[in-house]
Amino acid sequence: MLSLPHLAPIKIDLEHPNLMTGTQVRLNPQETPMPRLEPIPRSQAFDWRPLAEDGRQASPAPILSVFMAQYAYVRACAHAGSDLDNEVGGWLVGKWRADPHTGEQFVVIESTLPAVHTRQGSAYLTFTQDSQVAMHALFEERYPDSELVGWYHTHPRMGVFLSEYDTWLHANFFPEIWQVALVIEPHAVTGGFFIRGVNGFLDPRRYFGFYELNHGDDRSVVHWNNMQRRTAALPAKEADEL
Ligand SMILES: [Zn+2]
């Protein structure tokens, strides 16, 4: 199992962006120390869990649940399917919240911001200095009231995991404990979220499912082969404790 590199989260300075040499772009100038309160929207969502959980129970529980709007899911999957040979990716845009009654934390992914000017290769995707600065400007312009809740990228024919480089990138550019990483495998049509545990640890081999926000519609748009939809046989709270 890969472990997190021993690197402190680095604040990124937009004035002096130099992504490739270690002086970095500040992505979240208005950091919020605590999430805003909002009821967790479980009743408006389908609960998707990985089919095979065997051998992955030893990891600590994730610090939060991920909710993804159908619009954002479709956008991410369309981008993932647009290039089956090279990695593509981008940012996940939304909000970080806590339920006012339970205190349970969650993020809602409302949209995606595809990366521009990336250097693409079959084995890796690099968010270059130019791409991060351009994306930051777009993000501020289009989503002034949103938060950068994480990033996504594809692994054509490689499976759903975080490479050592991915883990480094996540630790350095998405250092908030609530920021998540989504990996999509467009050939196998699989995907999963990487979410830090309560101790801040991120297991690069263990992906989690998510809640598909359907806003009361009974149609799902999720089609990943490695996920199954949990039915409402159990109350949500009990199901979570299993
Ligand atoms: Zn990767």
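## The core

A nonpolar core here means a set of buried Ala, Val, Leu, Ile, Met, Phe, Trp, Tyr and Cys residues joined through C-beta atoms within 7 Å. In this predicted model, the largest such core takes in 52 residues. Val66, Phe67, Val107, Ile109 and Val180 are the ones with the most contacts inside it.

Take Val107 as a way in. Leaving aside residues up to four places away in sequence, Val107 touches Leu64, Val66, Phe67, Gly94, Lys95, Trp96, Val149, Trp178 and Val180. Val66, Phe67 and Val180 turn up again here, having already been listed for their contacts inside the core.

## The buried side of α1

Helix α1 spans residues 70–80, and its buried residues are Ala72, Tyr73, Ala76, Cys77, His79 and Ala80. They sit on the same side of α1, because the arc they cover around the axis is only 160°.

## Two loop residues with positive phi

Most residues other than glycine have a negative phi. Arg157 has a positive one, near 60°. Its place is the loop between β8 (147–154) and α3 (164–173). Arg157 is exposed, as 11 other C-beta atoms lie within 10 Å.

His215 also has a positive phi, near 50°, and lies in the loop between β11 (210–213) and β12 (227–230). With 9 C-beta neighbours inside 10 Å, His215 counts as exposed too.

Key. Residues numbered from 1 in each chain as written. Predicted model: local features only at pLDDT ≥ 70, side-chain atom pairs only at ≥ 80, totals over all residues. Helix = DSSP H or I, 4+ residues; strand = E, 2+ residues; numbered from the N terminus. Buried ≥ 20, exposed ≤ 12 C-beta atoms within 10 Å, placed from the backbone. Contact = placed C-beta atoms within 7 Å. Arc of directions from axis to C-beta.
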